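I set out to look up how the chains of this model are built and where they meet. The entries below follow the order in which I worked.

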Amino acid sequence: MLDVERLVRKFGAVEALAGLDLSVGDGESVGLIGPNGSGKTTLFNVVTGVYPPTSGNVRLEGRDIGASKPDRIVNSGVARTFQNLRIFERLTVFENVWAAQHRRADVAMRELVFARRAAEHARREEVDGLLELTGLANRRDALAGGLPLPDQRRLELARALARRPRLLLLDEPAGGMTPAETEQMVRLIRDIAIPGRTCIVIEHKMEMIRNLCDRVCVLDFGRKIAEGAPEAVLRDDRVIEAYIGREAPADA
Amino acid sequence: MDDHLVGVLSNIGMISFIALSAYLLLIVGEISFGQQAFFAISAYASGIATAMWGWDFWPGLAWGAAVAAAAAVLVGIPTLRIRGLYFSIATLAFAEMVRLVFEVFKYQVEIDGEMVGPDGSDGFRDIRYIFENDITAVEYMLMIYGLLAAVLCAFFLLERSRLGSIFRMIGQDPVLAQMQGIDVTAYKILALGMAGLVAGIGGGLYAHLTTFVEPKIFNVMLGVHSLAYGLIGGLGTAFGPLIGVAIDIGFLESIRAISGYRMIAFGGLVAVLLIFRPRGLLDEAAVNWIRLRLRRRHA
């Protein structure tokens, strides 16, 4: 599904990604962990074309997308959510999700102005269904900017799903949530986001990674330092070191 | 009907077009100080068509608006690559350039022993179509409002459509809009072309109402006012800019006792609103509230 080879992305002198290799198979769900600044979100930004890669290859279903514009990339089947929450604050909750359908392959150009009744009705039902699933139905007509944080996170998930992506990138989908809200989010992702598609999840909550992912990749300083089944990787010395550091040697 | 009143209402109608034009660009998140350029281009182009080429009024108006739209797209292709403040400055520079070109633009033909056509800074006189065809001031006012109603209907259809929400998405967060698969630059150019068309309709109507256009009236103050109309009236609905026009032209400019204080009152109003209602009286929250109220009543 996604193949990343020797990917480098520099910001000035800083290498946010320093030769990253990552391969994600069809239908896999992969957890991406690592300390702050290790390049996780940068990877999402490069994969979705927000930042072009400095060097290296990114292939989506075998096609090179390194130099493609973001709208082209996402229209070929990628959707994402944002760690720092991005919603259309002055559109309603319903419109935020509806908006994700505009440039979907099944919506013809002319339907941007002249909707076909039956098709549009079905799509609106689909939006309402997603709002129902994510527990946002009762806020349907409120402006999205007024929602509390957990609702905004769920709105982002609903919007990403409305694009019907084959590859879904979730950037800290439970960031800033209470344990109860996190648990609800895990259930949502497991039940409606993961089935039938490829997923990459960035998360700091290890319990979430254990629950959702087949495989974990650990990033540090823009490189992959460990990879494997969640249980094994989370016990790996290098991972523990990257996260909480190591005791200074006695002679230092 | 009182002549003064007809004149004021006609003015409100005409200026509404350029206000809607600036509003459309505010929706996509761009501040243009140059919509008066498209108003001017169409005033000249449609005037040339009816007064010099002998076209009928409607084809002349359509031609003027089409030229304005084409000019807007041509300007948009290079300038929309630059964002924010730089786009605003580029539109201002373009509009001043257009005005200065009309200061030296001479293109005259002899009709019935008289020279007709743009004559540089002396302006373009005798765009007399509506007088030669015995259209009264009231009839012309009704034509203006008929067109305005049609354009408003188009705006309301747009606001309900996916295209309208694409414009709003781009205005709120272009990166997020891109992540919904939207080619931001292409849609901005489309918006600029549509805004040019709408300003152009106003410009053509203006030229035929006054029968006389001169370059200096298309100065930057016209552009600044048309921006302010949307910011006063509100960016949540196309009614917003019309409210702005009605306050400025209908109230401040037209009532003699206060017209001397127009600019002071208008500037003060803009300043106060920018602090208390930065997106105008009918902003998105107000419009959503009204919409929900109406729906509940119908349900």
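This is a predicted model: local features need pLDDT of at least 70, side-chain atom pairs count only at pLDDT 80 or more; totals for chains, interfaces and linings use all residues.

**Entry 1: chain A as a whole.** I began with contacts along chain A: residues 24 or more positions apart account for 65% of its contacts with a separation of 6 or more. Residues are numbered from 1 along each chain as its sequence is written, and chains are lettered from A and ligands numbered from 1 in the order in which they are written.

I then looked up the dimensions. The C-alpha trace of chain A spans about 75 × 40 × 30 Å along its principal axes.

**Entry 2: strands of chain A.** I found 9 helices and 10 strands in chain A, where helices (H or I, at least four residues) and strands (E, at least two) are DSSP runs numbered from the N terminus. Strand E1 (residues 2-11) runs antiparallel to strand E2 (residues 14-24) of chain A, with 8 bridges between them. Two strands pair if DSSP finds at least two bridges between them. A:Val8 stands opposite A:Ala18 in E2(A). The hairpin of E1(A) and E2(A) has 2 residues between the strands, and A:Gly12 there takes a positive phi near 60°. E1(A) is also joined to strand E4 (residues 55-60) of chain A by 5 bridges, again antiparallel, and A:Glu5 has A:Asn57 as its bridge partner in E4(A).

I next traced an open sheet of 6 strands in chain A, with mixed pairing and the order E6-E7-E8-E3-E9-E10. Strand E6 (78-80) and strand E10 (223-228) of chain A are its edge strands, each pairing on one side only. E6(A) pairs with strand E7 (residues 167-171) of chain A in the parallel sense over 3 bridges; A:Arg80 stands opposite A:Leu169 in E7(A).

**Entry 3: where the chains meet.** How many residues of chain A are in contact with chain B? I read 23 residues of chain A against 21 residues of chain B. Helix H2 (70-75) and helix H3 (93-99) of chain A each supply at least two residues of that side of chain A. The largest share, 4 residues, comes from H2(A).

**Entry 4: chain B.** I looked up helix H9 (residues 184-210) of chain B. Of its 27 residues, 22 are buried, so H9(B) is largely enclosed by the rest of the structure. B:Thr211 follows H9(B) and has a positive phi, near 65°.

Most residues other than glycine have a negative phi. Is B:Asp112 buried or exposed? B:Asp112 is exposed, with 5 other C-beta atoms within 10 Å.

Technical notes. Two residues are in contact if their C-beta atoms, placed from the backbone, lie within 7 Å. A residue is buried if 20 or more other C-beta atoms lie within 10 Å of its own, exposed if 12 or fewer, and partly exposed in between; C-beta atoms are placed from the backbone.
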